[in-house]
Amino acid sequence: MNLDSLTHTSGEWLRGSGPESDIVISSRIRLARNLAAFPFTNRASTSQKSEIEALLRERILKLEITPRLGYVNLPGLSNLDRQFLVERQLISRELAAAEGPRGVALGAQETVSLMVNEEDHLRLQVMRSGFTLNEAWEQIDQVDDMLEQRITYAFSEEFGYLTACPTNVGTGMRASVMLHLPALEYTKQIEKVFRALQKINLAVRGLYGEGSRASGHFYQISNQVTLGKSEAQILEEIHSVIPQIIRYEREARNAWLRDNRQGLQDKVSRAFGTLCSATMMTSEETMELLSYVRLGVNVQLVGDLTIPTINELFIQTQPAHLQKLVGMSLDGEERNTARARYLRTRLREAGVMPN
Amino acid sequence: MKCQFCSQPATVHLTKIIDQQKQEIHLCQDCAEAKNFVKHQELNLPALLQNVIGQFLDPHLDELSRLVCPVCGIRYMEFRTQGRLGCPHDYTVFRSGLEPLLQRLQRSQRHVGKSPRQGPAPTPQLIEIAQLRRQLQSAVDAEAYEEAARLRDLLRSKGSHG
């Protein structure tokens with residue numbers, strides 16, 4: 001599978017479409033599965049990991065999914081390409097950093113990705129744009145059923161799907177929704193939302209998962225509990241809470257517009273102006289400024305720019321993406337220069353001038 | 001309530017008691033971080049869960065600490081320090097330790113939800129295969145190639161259980 005063909009697109013989850021896509025970036029479901037007659041990945045020898053990989057790869061590539069999945073062997077990739085897949089959320093940071101035989105099967109549209117020899121032998125993932133958890137569940141459930149006909153999963157009647165970490169056992173399911181919450185963060189109400197979510201056993205994380213900071217005001221909300229609740233119950237719990245958070249964010253945006261329209265306009269315009277004219281730009285600053293511009297587009301303070309274009313700038317200015325676009329490896333300072341140049345060019349091409 | 005140092009809303013509330021004198025301080029997150037009252041909060045729930053697994057004190061620890069999985073060879077205490085189990089069979093072997101832990105982590109001890117359409121796999125056969133795989137690995141590590149070849153043939157005769 002040729003990764004370079006992905007470089008110039010932004011991937012399914014940043015397509016910027018689907019229900020509530022002004023606030024909900026993407027919906028994602030992950031299932032953890034293991035082979036019954038092998039030790040878990042952390043306890044498997046290199047030759048056992050090879051055996052597991054060969055077996056799963058063969059079964060996965062026989063799946064009748066359209067478009068067909070391509071398999072990428074991770075040890076054969078450069079660090080840059082592995083990082084590139086992490087930035088696109090097609091593989092986890094853990095899989096990128098792990099050692100030994102491992103890989104990922106990807107669909108051309110980047111909705112389906114199946115990781116082999118992560119913490120569990122198999123991690124299935126489906127990711128879609130907008131608030132589309134139910135569609136994501138239907139798709140992943142179907143892929144899981146098809147695989148299960150060819151693989152003996154580790155499963156017990158009592159504990160469900162058996163996983164390396166007891167925090168995943170049962171359904172093995174982690175469902176998450178990624179939200180863009182700049183107004184709740186700006187008005188410092190976000191902490192309250194987090195506390196309320198934690199009380200009902202939902203976890204909040206940053207853009208790139210475990211331990212990552214919430215850069216660009218992006219937050220992932222996911223279920224914490226995987227045992228004792230059915231998939232439908234878990235999905236329903238998330239489904240019932242997300243519309244409330246969306247409503248709080250919309251209220252916070254409206255209040256900001258009502259009470260301090262000039263202040264918000266200034267924040268958005270300054271962000272825009274900096275993106276159009278800076279000559280050095282870190283990834284962190286880019287995320288922050290693009291976040292305000294994205295907010296500006298959503299509340300109609302910025303005209304000529306579309307959400308898909310901004311989403312694309314979010315992903316293309318990530319370190320590995322930027323280096324693949326430029327076609328060479330760059331150190332930190334060179335990246336900041338290249339990033340600023342890329343942003344200036346793209347925003348001018350879009351024919352946009354700051355208000 | 002407003003922060004005592006700036007006009008932002010106060011979200012951190014501290015109570016100091018010195019010589020039986022009570023003093024209350026109200027700060028916003030930024031001032032509290034700047035004054036080192038609270039650490040910048042990284043959202044890292046799995047790491048917190050890891051701590052729960054490591055620190056969970058169960059009443060039968062002595063008994064549990066002697067348990068070893070006959071299939072993958074992991075000891076119960078290894079699981080407790082690493083937070084990761086060694087193979088699917090550990091859920092049976094370490095059951096008495098896992099159940100209270102699951103209750104605490106997951107607030108439940110029983111699966112509700114999807115199950116494989118084929119039904120559960122025939123367990124004794126799978127355990128035998130997993131054990132043979134481990135013996136094969138030990139034979140290869142010890143360069144006992146005749147034994148390894150014998151085990152490999154035996155495994156093949158058991159059929160492919162993915």
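## A chat about chain A and its neighbour

Q: Okay, what's the sheet in chain A like, and in what order do its strands sit?
A: This is a predicted model, and in it chain A has an open sheet of eight strands. The order is S2-S3-S4-S5-S1-S8-S10-S9, and the pairing is antiparallel.

Q: Which strands are at the edges?
A: Those are strand S2 (70–73) and S9 of chain A, and each of them pairs on one side only.

Q: And how much twist is there from one strand to the next?
A: The twist averages 20°.

Q: Let's zoom in on S3 and S4 of chain A. How many bridges join them?
A: Four bridges link strand S3 (residues 103–106) to strand S4 (residues 112–116) in chain A, and the two run antiparallel. As one example, A:Ala105 has A:Leu114 in S4(A) as its bridge partner.

Q: Which strands does H1(A) lie across?
A: H1(A) lies across S2, S3, S4 and strand S5 (122–129) of chain A. Its direction is at about 160° to S4(A).

Q: Switching to the other chain: how many residues are in contact between A and B?
A: On the chain A side there are 51 residues, in contact with 46 residues of chain B.

Q: Which elements of chain A supply at least two residues each to that side?
A: Helix H1 (46–61), helix H4 (133–148), strand S6 (155–156) and strand S9 (202–205) of chain A do. H1(A) gives the largest share, with four residues.

Q: What kinds of residues are on that side of chain A?
A: The side touching chain B has 21 nonpolar, 17 polar and 13 charged residues.

Q: Now the whole chain. How many helices and strands does chain A have?
A: Eleven helices and ten strands. Its radius of gyration is 21 Å, close to the 20 Å that the globule rule gives for 355 residues, so chain A is as compact as a globular protein of that length.

Q: How much of chain A is buried?
A: Buried residues make up 51% of the 355 residues.

Q: Last topic: at what angle do H8 and H9 of chain A cross?
A: The axes of helix H8 (residues 283–298) and helix H9 (residues 307–316) of chain A cross at roughly 170° and come within 10 Å. Because of that angle, H8(A) is roughly antiparallel to H9(A).

Q: Which residues make the contact?
A: H8(A) brings A:Met287, A:Leu290, A:Val293, A:Arg294 and A:Val297, while H9(A) brings A:Ile307, A:Ile310, A:Leu313 and A:Phe314. By class, that contact has eight nonpolar, no polar and one charged residues.

Methods
Residues numbered from 1 in each chain as written. Chains lettered and ligands numbered in written order. Predicted model: local features only at pLDDT ≥ 70, side-chain atom pairs only at ≥ 80, totals over all residues. Contact = placed C-beta atoms within 7 Å. Nonpolar A, V, L, I, M, F, W, Y, C, P; charged D, E, K, R; others polar. Pairing = 2+ DSSP bridges. Axes fitted to C-alpha atoms, helices over the stretch in contact; angles between N-to-C directions. Rg over C-alpha atoms; globule rule 2.2 N^0.38 Å. Buried ≥ 20, exposed ≤ 12 C-beta atoms within 10 Å, placed from the backbone. Parallel < 35°, antiparallel > 145°, perpendicular 65-115°, else oblique.
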